[in-house]
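Thanks, everyone. I will go through a few side-chain contacts and then stop.

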Amino acid sequence: MLDTSARLLRLLSLLQTPRAWPGSELAERLGVSGRTVRNDIDRLRELGYPVDATRGATGGYRLGAGAAMPPLLLDDEEAVAVTIALRTAAQGAVPGTAETSLQALAKLEQVLPSRLRRRVRTLQAYTVAVPADRPVPSVSADVLTTLVSACRDRERLRFDYLDHSGSPTRRLVEPYRAVNWGQRWYLVAWDVEREDWRTFRIDRIQPRTPTGPRFAPRELPGGAAAYVSLRVSSSAWRHHARVTVHAPATAVIEQINPAVGTVEAIDAHSCVLVTGADTVQALAVYLGMLDFDFDVTEPVELVTHLRRLADRYARSTPPSLRR
């Protein structure tokens, strides 16, 4: 049988799992009686841990939310994961979180066992982040909190916004989700005046308070991440193409990330791929990697480049191997 201190730590570790624990199951896990479990629960409550108890077939003990943050028990893998996450957050693009992330990181590293501290320091010493090739736009932590709170509470949101040309506009939206794409944050929302879904760069948003009335939530087809990935990528493309692929849509979809294109079925044996890239050279590479026959009619620059590639590939093989 574990001594009292070790048993309390084990009990606390079990309660931190997001589920309700029947007293009988806790007693079995700890190798003690139900009465001892109840006494240990009382000790945890005296130490400031809010342990809730519910009756019934699905009831049991559960660690609740309290007025103060109690100490957490982390296993080895959780401790390493949290340490890495804190260091990443300290280098992130949300002002106001870097300092607190470093403070939390210092506290955690101070109490890590030597075996874990060595793992963490090895990761820090032998991993290198490539600097961004352009300035990273920063997002205010207060603005981000305001936006996600409006998403949670389903309240209309008014904000001033700078569009891609830098012109100021005012928007009224029904906020849906905040999405982190690379090193930028986007708000996905239903634009009330335009009656359509839109994405907004959060670093260009200045919310107006108070928020508006509550709204009935809408369902975004495909989900917020897929919507942002498509909108962000397509808006940055210099060249767009609509390509007929001679293969089933399901087969093409398996090879296409939502960030690089969408697939529309024509029939059971063909589909249309809508895609794009910064250069026609990159577009040709994407199409060649599909390993399916395809027809391209536009843009003209892409058609010209594909013909040039076909001639080049034909010249690259010896005449004896040509068919």
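I start in helix α10, which spans residues 280-290 and contains V285. Keep in mind that this is a predicted model. Together with Y286 and M289, V285 makes up a nonpolar surface patch, and the three share about 320 Å² of accessible area.

Now to the rings. There are five aromatic pairs in the structure. One of them is F159 with F200, an edge-to-face pair with 5.2 Å centre to centre and 80° between the planes. That pair joins distant parts of the chain, since F159 sits in strand β3 (residues 157-162) and F200 in strand β6 (residues 196-201), 41 residues apart.

Another pair is W190 with W197. Their ring centres are 5.6 Å apart and the planes stand at 85°, which is why the pair is edge-to-face: the cut-off for that label is over 60 degrees. W190 is buried at 15% relative accessibility, and W197 is buried at 9%.

Going back to F159 and F200, ring pairs connect them with Y161 in a cluster.

Last, charges over rings. Which residue lies over the face of W190? That is R218, at 4.1 Å from the ring centre. A second case is R19, which lies over the face of W21 at 3.8 Å from the ring centre.

That is what I had; questions are welcome.

Methods
Residues numbered from 1 in each chain as written. Predicted model: local features only at pLDDT ≥ 70, side-chain atom pairs only at ≥ 80, totals over all residues. Heavy atoms only, no water. Patch = residues over 30% accessible without salt bridge, like charges linked within 9 Å, V, L, I, M, F, W, Y side chains within 5 Å. Areas by Shrake-Rupley, 256 points an atom, 1.4 Å probe, with all protein chains shown as cover. Salt bridge = Lys/Arg side-chain N within 4 Å of Asp/Glu carboxyl O. Helix = DSSP H or I, 4+ residues; strand = E, 2+ residues; numbered from the N terminus. Phe/Tyr/Trp six-rings, centres within 6.5 Å; stacked < 30°, edge-to-face > 60°. Buried < 20%, exposed > 50% of the residue type's maximum accessible area, 1.4 Å probe, protein only. Lys NZ or Arg CZ within 6 Å of the ring centre and 35° of its normal.
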